[in-house]
Structure formats: structure tokens, C-alpha cells
Amino acid sequence: GGGAPQELGCAAFLPADTVYADCGNGELKRLGKLVRAGVNELATPAGVTNFNKGVSNLATNMGVDLDKVFESMKGEGFLTFQLSKTATVDIPSSGGGAPLKIPQPSLLIGLAVTDDTLMNAVAAPLKRINMPMVEMPVDSIVIRSLNLPLPLPFPLAPAFAVCSNMFLFGSSPQVVTDAIKAFQGKNGLTATPEFKKAFAGLPTT
């Protein structure tokens, strides 16, 4: 089967400081059709009407066409967590003592797509409500991010971009940048000695 190459396709985007990764090949494209089929099967006629009205309103009011969003997904995706090798955050001590220093954590999600439909579906509602977005170019790719002033011990600035038909969503612009650079430079997790040792003998293409 083609399972290993698919997963290694996802692995190409994983930053070198990734500590947990779950790569898979689901049927996201079919999910939208399954949801509609389920609603039509189980809901009352009024419920079906309300569901269709809600989907229609989402397209009209927020510029999001859910059918097109699901249709643009290939099914391959990943979820990862990273712990920075350089940056730390202070976690307050419960006893009032010195704060605990831990590596700065980050979250990265990737979804294989056919085009920019998903990225535009994320950006469109934010633009409609005038949510300020910061745009940062990485080579020819533009990362869009939001600054959320939340009282957290670590920075949270959700960021997203599309690189080589992979929609990337991360907890910070830095982790999305790391994913892009890992893919472009082939110097992410797959280049580390630990990864090479763990996956020695498996096909890499």
C-alpha cells in the first residue's frame, strides 16, 4: 500500500523540535457529504431547512462555502506538538516559589488541500469582523496571524498559510515558519539522527 509514503509526505513539514506527531490519511473530503446525508436522514424537514439555511448564511455573511471547503481537502493531515530547544516559558509555582521553566510549547496542524479554498475560508470571516491580521512573508508564502492578548504563560498568536498544497495552522507564526523551512530545506524532524534511527529501513519516497 501507499501508507508510508503518505505519512512521510506529512513528516516533511514537521519542525526538528517536534515531540509528538500524528499523521494520517482520513476521508475529510467525504465528511461534508456524510454530514449532509446524516442531516437529511435523521433531521425533521424543519431541521433540514434550518441546516441548509445555516450553511447558506455562512456563505452569504462570512464568505465561507462549506461544500467547496470540504471538496478542496485531500484527506491527508497531521497534528503535532513542539517543545522549543531555545525558548522557555515560566510556569507560576503553586506554592509561591520560583516559577518553573519549561521549553516553550507550540501546536501545528496540517491538512493537504488542492488550492487556497480552506485558507480563504479561515481568513474571510476574520476580515468580515475586522479582526486585525498580521501578514509575514516567508519567501513567496504569506503567513497570516492574529495577536490574542490572553493571560497565558506562553505566546498565542494563531497563524496559518499554505505551502505546497499543505494548509498549515499553528499556535504561532514561528511554528508555521519552522514547518515551511523544514519542508523547503529538508532540515526538519526527518533530518534528525533520532528520526533516521527510528525509521531506518523504511521507504522515504
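Visitor: Is Tyr20 buried, partly exposed or exposed?
Guide: This is a predicted model, and the value is computed from it. The relative accessible area of Tyr20 is 40%. Buried means under 20% and exposed means over 50%. Tyr20 therefore falls in between and counts as partly exposed.

Visitor: Which nonpolar residues make a surface patch of about 420 Å²?
Guide: A residue needs over 30% relative accessible area to join a patch. Tyr20 has 40%, and Phe81 has 38%. The patch is made by Val19, Tyr20, Leu79, Phe81 and Leu83.

Visitor: Which element gives the largest share of that patch?
Guide: Two elements give two or more residues to the patch: strand 1 (18–25) and strand 2 (73–91). Phe81 is found in strand 2. With three residues, the largest share comes from strand 2.

Visitor: Where is Thr80, and is the residue buried or exposed?
Guide: Thr80 is found in strand 2. Its relative accessibility is 0%. The cut-off for buried is under 20%, so Thr80 counts as buried.

Visitor: Which side chain makes a polar contact with the side chain of Thr80?
Guide: Neighbours within four places in sequence are left aside in the contact list of Thr80, which includes Leu14, Tyr20, Ala21 and Leu107. The polar contact is a separate entry, at 2.6 Å. The partner side chain belongs to Gln82.

Visitor: How many aromatic pairs are there in the whole structure?
Guide: Ring centres must lie within 6.5 Å to pair. A search of the whole structure on that basis gives three.

Visitor: How is the pair of Phe13 and Phe183 classed?
Guide: The ring centres of Phe13 and Phe183 are 4.3 Å apart, and the planes lie at 5°. Planes under 30 degrees apart count as stacked. The pair of Phe13 and Phe183 is therefore stacked.

Visitor: How many residues apart in sequence are the parts that this pair ties together?
Guide: Phe13 lies in the loop between helix 1 (3–11) and strand 1. Phe183 lies in helix 6 (residues 173–185). Phe13 is buried at 3%, while Phe183 is partly exposed at 27%. The separation in sequence is 170 residues.

Visitor: What class does the aromatic pair of Tyr20 and Phe81 have?
Guide: Tyr20 and Phe81 sit 5.9 Å apart, centre to centre, with 40° between the planes. Tyr20 is in strand 1 and Phe81 in strand 2, 61 residues apart. Stacked needs under 30 degrees and edge-to-face over 60. The pair of Tyr20 and Phe81 is tilted.

Visitor: Which residue forms a salt bridge with Lys101?
Guide: The structure holds two salt bridges. In this one, the closest N and O atoms are 2.9 Å apart, within the 4 Å limit. Lys101 counts as exposed at 56%. Its partner is Asp90.

Visitor: Which strands does that bridge link?
Guide: Lys101 and Asp90 are eleven residues apart. Lys101 lies in strand 3 (residues 100–113). Asp90, partly exposed at 37%, lies in strand 2. The bridge links strand 3 and strand 2.

Visitor: What is the N to O distance between Glu135 and Arg144?
Guide: The side chains of Glu135 and Arg144 meet in a salt bridge. Arg144 counts as buried, at 16% relative accessibility. The distance, N to O, is 3.3 Å.

Visitor: What share of the 205 residues counts as buried?
Guide: The protein has seven helices and seven strands. Its accessible surface comes to about 11900 Å². Buried residues are those under 20% relative accessible area. Their share is 33%.

How values were computed:
Residues numbered from 1 in each chain as written. Predicted model: local features only at pLDDT ≥ 70, side-chain atom pairs only at ≥ 80, totals over all residues. Heavy atoms only, no water. Patch = residues over 30% accessible without salt bridge, like charges linked within 9 Å, V, L, I, M, F, W, Y side chains within 5 Å. Areas by Shrake-Rupley, 256 points an atom, 1.4 Å probe, with all protein chains shown as cover. Helix = DSSP H or I, 4+ residues; strand = E, 2+ residues; numbered from the N terminus. Buried < 20%, exposed > 50% of the residue type's maximum accessible area, 1.4 Å probe, protein only. Polar contact = N/O pair within 3.5 Å; in protein donor to acceptor, adjacent residues only side chain to side chain. Contact = heavy atoms within 4.5 Å. Phe/Tyr/Trp six-rings, centres within 6.5 Å; stacked < 30°, edge-to-face > 60°.
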